[in-house]
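Please look at the sequence and the model shown here before reading on.

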Amino acid sequence: MELRQLRYFVAVVEEAGFTRAAARLHLAQPGVSAQVRQLERELGHRLLDRSRGAVTLTEVGRAVLPYARAALAAAEGARRTAEEFTGLLRGQVTLGLVSGAATEEFDVVSVVADFHDEHPRVEISLTEDTSDRMLAALRRGELDIALLGLASDEVPAGVSLAVVVDEPLVAAVAPGDPLLRPEGRVHVPLAELAERPLISLPRGTGLRGVLERACAEAGFRPRVAFEAAAPALLTRLAVRGLGVAVLPALPDEVAASLGLRTLVITDPRPRGRIALAWRADGPAGPAARALLGRLRTAFTGPA
């Protein structure tokens, strides 16, 4: 029995098929199939049922799966522990970012670049995705760290968080919008947005989750007319009068420079929150732990 056979078996189970597993492993599908069959021959039992058009676990396969995962985790832990004794960080770190998170305020690129300069043998992979998908990837161990939006005040199961942004949500509109009357108004009840076309981040993002929860609490479903992954595009749509953009609070001078006016949303008072997230048991490797420490220091101050 070889570790690669266990790795292929686990990949097929997690991807629910040989083709997707082969793509994830960057291997040819026949090679993955052959190695899994060899594992089955060595164990004397079929681990996977391939008879109904979908690959599913047999009873023996379900029993073997936890041991296969434990063996792979133990082998990886041994490798990383040995690397720690060399005094030189190496390995790979996967970092996920919610779209629009890498701004001047959160200059992730500079932090990552400086870290890579100090630890050139660490390979860092960056990816953008929705908050929901990144949370799932963190739990599966496919991401080490993520900078994502939070849909509620509750800490998601299986992860730890360090909040880096916590701002009230605002309604951003073009000057002259009826929401701005009477003159000098600074707040707007959420219910007043019930019949207005809204401009929001896509479903699966923390901000969109916050908006939908708040609207449900206020007794209506939001009428989202435009959605985009980039916050800058949301503001451009609002400037053209195409709807009310729902965003985390902007300084008045920033809003004015964009050609917008903002009103703090009340009744309820939803908040936009962005956090660094990692598995509750901590990133597995020393390189990931070191990068997490650097990111926390950069965005939240010393722990």
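Among contacts in the chain between residues at least 6 apart in sequence, what percentage join residues at least 24 apart? The share is 73%, where contact means heavy atoms within 4.5 Å. This is a predicted model, in which local features need pLDDT of at least 70 and side-chain atom pairs count only at pLDDT 80 or more, while totals for chains, interfaces and linings use all residues. Residues are numbered from 1 along each chain as its sequence is written, and side-chain values use heavy atoms, with hydrogens and water left out.

The chain contains 10 helices and 12 strands; helices (H or I, at least four residues) and strands (E, at least two) are DSSP runs, numbered from the N terminus. Along the principal axes, the C-alpha atoms fill a box of roughly 80 × 50 × 30 Å. Of the 303 residues, 42% are buried, a term that stands for under 20% relative accessible area, with exposed meaning over 50% and partly exposed in between (1.4 Å probe, protein chains only). The chain exposes about 15800 Å², of which carbon and sulfur atoms supply 53%. Such areas come from the Shrake-Rupley method with a 1.4 Å probe, and for residues only the protein chains shown count as cover.

The interior may be considered next. In soluble globular proteins, nonpolar side chains tend to be buried together. A nonpolar core is a set of buried Ala, Val, Leu, Ile, Met, Phe, Trp, Tyr and Cys residues joined through side-chain atoms within 4.5 Å. The largest nonpolar core has 31 residues, and Leu179, Leu190, Leu193, Val244 and Ile265 touch the most other members. Two or more residues of this core come from each of β6 (159-173), β8 (198-200), α7 (206-218), α8 (231-239), β10 (244-248) and β11 (261-266). A second, separate core of 21 residues includes Leu97, Phe115, Val164 and Trp278. Leu190, in the largest core, touches residues including Ala214, Phe220, Ile265, Asp267 and Pro268, when residues up to four places away in sequence are not counted.

Two of these contacts of Leu190, Asp267 and Pro268, are joined by a cis peptide bond with omega near 0°. Pro268 lies in the loop between β11 and β12 (271-279), and Asp267 has its place in the loop between β11 and β12 as well. Phi of Asp267 is near 55°, a positive value in a residue other than glycine. Asp267 counts as exposed because its relative accessible area is 54%. A cis peptide bond also joins Arg181 and Pro182, with omega about 0°; Pro182 is located in the loop between β6 and β7 (187-189). A positive phi, near 60°, is found in His26, again a residue other than glycine. His26 sits in the loop between α2 and α3 (29-43) and is exposed, with a relative accessible area of 72%.

Attention now turns to empty space. Rolling a probe the size of a water molecule over the atoms shows where empty space is left. On a 1 Å grid over the protein atoms alone, a cavity is a set of points where a 1.4 Å probe fits but cannot get out, and a pocket is an open set with protein on both sides within 12 Å along at least five of seven lines; lining residues have an atom within 4 Å of a point. Grid points are joined across faces, edges and corners, and a volume is the space filled by probe spheres set on the points.

The largest pocket holds about 1500 Å³ of space. Its lining has 39 residues, and Arg24, Arg80, Arg140, Gly141 and Glu142 lie nearest the centre. Elements giving two or more residues to this lining include α1 (3-15), α2 (18-25), β3 (91-98) and α10 (286-300), while α4 gives the largest share, 10 residues. How does the lining divide by class, and what is the number in each? There are 13 nonpolar, 9 polar and 17 charged residues, where Ala, Val, Leu, Ile, Met, Phe, Trp, Tyr, Cys and Pro count as nonpolar, Asp, Glu, Lys and Arg as charged, and the others, Gly among them, as polar.The whole structure has 1 cavity of 30 Å³ or more, with a volume of about 50 Å³. Among its 10 lining residues, Arg80, Arg90, Gly91, Gln92 and Ala287 lie nearest the centre.
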